[in-house]
Amino acid sequence: MRLLIVEDERDLNYALTKALRKEGYATDSAYDGEEALDLLKINDYDLVLLDLNLPKVDGLDVLRRLREEDMKTRVIILSARSEVDDRVVGLNLGANDYVIKPFDFKELEARIRTSLRMNYTSIPTKLVHGDITLDTNTKEVSVKGEVIDLTSKEFGLLEYLMVHKDRLISNYELFTHVWDGYVDDYTYTDTLKYHIHTLKKKLAKNTGVEYIINKRNQGYRLRSNDE
Ligand code: CA
């Protein structure tokens, strides 16, 4: 899942980036409202952490402009205790949740998980597909009850494929939801291919089934249980 962190306090932005990446999220950072709007135009985020008091363009304006075009991306407001009125305006403008600074990282991460689950009409804590179980809380993947060792990218790929298991996912979509930064058209397919390959191998080794199906030049999907 890919997150945008909009926060002008550099230390906080950096600390969030570090902690969220450790939890397996792909993250980008914006340090003012203008940069946030630019990144929102270019990339498709699953969730935005949005500080309200920002240079250049205010957080509420960022939210307003985002919601004019997109109701799907989840937004969690990061607000100071004194910004009660802004928080209410923010929720009315379509923010999904808010946390008050200073916050406990574990609580923020729990709110992020809840918001992301709501985004996909109800991602259960445990995703199950065939013999594979993926736990979004513990970040563990198991096959027939046995935990298998995946890298954070492999986990991210499998999670995205399991959440969207009913359709084919394009290379581009899959890549942009698991990796951060700008997408370089010339190299991303190789990176994606490599990590899909290692994930595929691990799943096949543990399940005896080729779970990931590749449609040449189109994308990937999970093999359905009756195939
Ligand atoms: Ca601020």
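Me: Is the crossing of helix 6 and helix 7 left-handed or right-handed?

Reply: The crossing of helix 6 and helix 7 is right-handed. The rule is that a crossing is left-handed if the near helix is turned anticlockwise from the far one by less than a right angle, and right-handed if clockwise. Helices here are DSSP runs (H or I, at least four residues), and strands are runs of E with at least two, numbered from the N terminus.

Me: Before going on, what sort of model is this?

Reply: It's a predicted model, where local features need pLDDT of at least 70, side-chain atom pairs count only at pLDDT 80 or more, and totals for chains, interfaces and linings use all residues. Residues are numbered from 1 along each chain as its sequence is written, and side-chain values use heavy atoms, leaving out hydrogens and water.

Me: At what angle do helix 6 and helix 7 pack?

Reply: Two packed helices are described by the angle between their axes and the distance between the axes. Helix 6 (residues 152–163) packs on helix 7 (residues 171–178) at about 125 degrees, with the axes 9 Å apart. That makes helix 6 oblique to helix 7.

Me: Which residues make the contact?

Reply: With contact meaning heavy atoms within 4.5 Å, helix 6 brings Lys-153, Gly-156, Leu-157, Tyr-160 and Leu-161, while helix 7 brings Glu-173, Leu-174, His-177 and Val-178. Sorted by class, that's five nonpolar, two polar and two charged residues.

Me: How many helices and strands does the protein chain have?

Reply: The protein chain has eight helices and 12 strands. Its C-alpha trace spans about 55 × 35 × 30 Å along the principal axes.

Note on methods
Axes fitted to C-alpha atoms, helices over the stretch in contact; angles between N-to-C directions. Parallel < 35°, antiparallel > 145°, perpendicular 65-115°, else oblique. Nonpolar A, V, L, I, M, F, W, Y, C, P; charged D, E, K, R; others polar.
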